[in-house]
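This briefing goes through one protein model, topic by topic. Please look at the sequence and the structure first, then read the points below.

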Amino acid sequence: CAQAESLRRKNGCVIPQKTEEDIVKSFFERPHYKKLSGDFDEGWAIDYNSRFSGGEHKFSRTGELLRGLKYGNKKEHSKIIAEEIKLLIVEQPSFKAADLITIVPSTIKDRQYDPLTEIANHLKNIVSVPVDYAILTKSRTTQPMKEMTNIYQKKINVRGAYIILDVEKIKGKKIVVLDDL
């Protein structure tokens, strides 16, 4: 019965039931693309970041990667995250037609590096779409989104906080905007 699952079934072996912990772990080890709604043509999240369970904060695989990149100086995580984004781009026809990738400017300026810049640098090579870091700028200071507890706070926090630097430069183009919420 120590053979592959398909052979075990064929040979009549009993396959052990997965525990709830196994199911949760399995769920959080793979990306879960989520369509987003908002004031844009199309938006996607590459995964859930985390969840609370019994007072414990559990991060998805992508959540752990992003947390390490942003707060743990794990710059190498940017390439893995870029690969996950690539998989979404390949699955979504509208992203295949992108003319440009840009990033949302960071709230935190005193890091050794900007996580989104690192991700975008890898992504541009993987999907062969140019990156322009000078599309958006912040018009005012915002609070870190991780401090927000609901969607209303998040919307208020970013409303009017960004300015397009050169509208003519992007007119008529399909742009992928990366954010690391």
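The largest nonpolar core has 23 residues, and the members that touch the most other members are Ile-81, Ile-85, Ile-101, Ile-119, Leu-123 and Leu-178. At least two residues of this core come from each of α3, α4, β5, α6 and β8. The model is a predicted one.

**Nonpolar cores**

- In soluble globular proteins, nonpolar side chains tend to be buried together.
- Ile-119 is one of the residues of the largest core that touch the most other members.
- Setting aside residues up to four places away in sequence, Ile-119 touches Leu-66, Leu-69, Ser-78, Ile-81, Ala-82, Ile-85 and Leu-178.
- There is also a second, separate core of five residues, and among them are Leu-100, Ile-135, Leu-136 and Ile-170.

**The protein as a whole**

- The secondary structure consists of eight helices and eight strands.
- Of the 181 residues in the protein, 32% are buried.
- The accessible surface is about 12100 Å², and carbon and sulfur atoms account for 52% of that surface.
- When contacts between residues at least 6 apart in sequence are considered, 58% of them join residues at least 24 apart.

**Helix α6**

- Which residues of α6 are buried? They are Pro-115, Leu-116, Glu-118, Ile-119, Ala-120, Leu-123 and Val-127.
- These buried residues pack against α3 (61-71), α4, β5 (100-103) and β8 (175-178).
- An α-helix has 3.6 residues a turn, so residues three or four places apart point the same way.
- Helix α6 covers residues 115-127, which is 13 residues, and at 1.5 Å a residue they should span 18 Å.
- After α6 comes Ser-128, which has a positive phi near 55°.

**Pro-115**

- Pro-115 belongs to helix α6.
- Pro-115 counts as buried because its relative accessibility is 0%, and the cut-off for buried is under 20%.
- Pro-115 is in contact with Leu-69, Lys-70 and Asp-180, leaving aside neighbours within four places in sequence.
- Pro-115 and Lys-70 are 45 residues apart in sequence, while their C-alpha atoms are 5.9 Å apart in space.

**Salt bridges**

- Side chains of opposite charge can pair when their charged atoms come close.
- How many salt bridges does the count come to? The count is seven, and three of these pairs are described here: Lys-75 with Glu-118, Asp-132 with Lys-169, and Glu-168 with Lys-171.
- In the pair of Lys-75 and Glu-118, the closest N and O atoms are 3.9 Å apart. Lys-75 lies in the loop between α3 and α4 and Glu-118 lies in helix α6, so this pair ties together parts that are 43 residues apart in sequence.
- Lys-75 is partly exposed, with a relative accessible area of 39%, whereas Glu-118 is buried, with a relative accessible area of 15%.
- Asp-132 and Lys-169 meet through their side chains, with an N to O distance of 2.6 Å. Asp-132 lies in the loop between α6 and β6 (136-138) and Lys-169 lies in helix α8 (residues 167-170), so this pair ties together parts that are 37 residues apart in sequence.
- Asp-132 counts as buried at 16% relative accessibility, and Lys-169 is partly exposed at 35%.
- Between Glu-168 and Lys-171, the closest N and O atoms are 3.8 Å apart. Glu-168 is exposed, with a relative accessible area of 57%, and Lys-171 is exposed, with a relative accessible area of 58%.

**A buried loop residue**

- Gln-92 is found in the loop between α4 (77-91) and α5 (93-96).
- Is Gln-92 buried or exposed? Gln-92 counts as buried, because its relative accessibility is 16%.
- Glu-42 and Trp-44 are touched by Gln-92 when residues up to four places away in sequence are not counted.

**A nonpolar patch on the surface**

- Ile-151, Tyr-152 and Ile-156 form a nonpolar patch on the surface, and together they have about 350 Å² of accessible area.
- Ile-156 is located in helix α7 (residues 151-158).
- Ile-156 is partly exposed, because its relative accessible area is 37%.

How values were computed: Residues numbered from 1 in each chain as written. Predicted model: local features only at pLDDT ≥ 70, side-chain atom pairs only at ≥ 80, totals over all residues. Heavy atoms only, no water. Patch = residues over 30% accessible without salt bridge, like charges linked within 9 Å, V, L, I, M, F, W, Y side chains within 5 Å. Areas by Shrake-Rupley, 256 points an atom, 1.4 Å probe, with all protein chains shown as cover. Salt bridge = Lys/Arg side-chain N within 4 Å of Asp/Glu carboxyl O. Helix = DSSP H or I, 4+ residues; strand = E, 2+ residues; numbered from the N terminus. Buried < 20%, exposed > 50% of the residue type's maximum accessible area, 1.4 Å probe, protein only. Contact = heavy atoms within 4.5 Å. Expected span 1.5 Å × (residues − 1). Core = buried A, V, L, I, M, F, W, Y, C linked by side-chain atoms within 4.5 Å.
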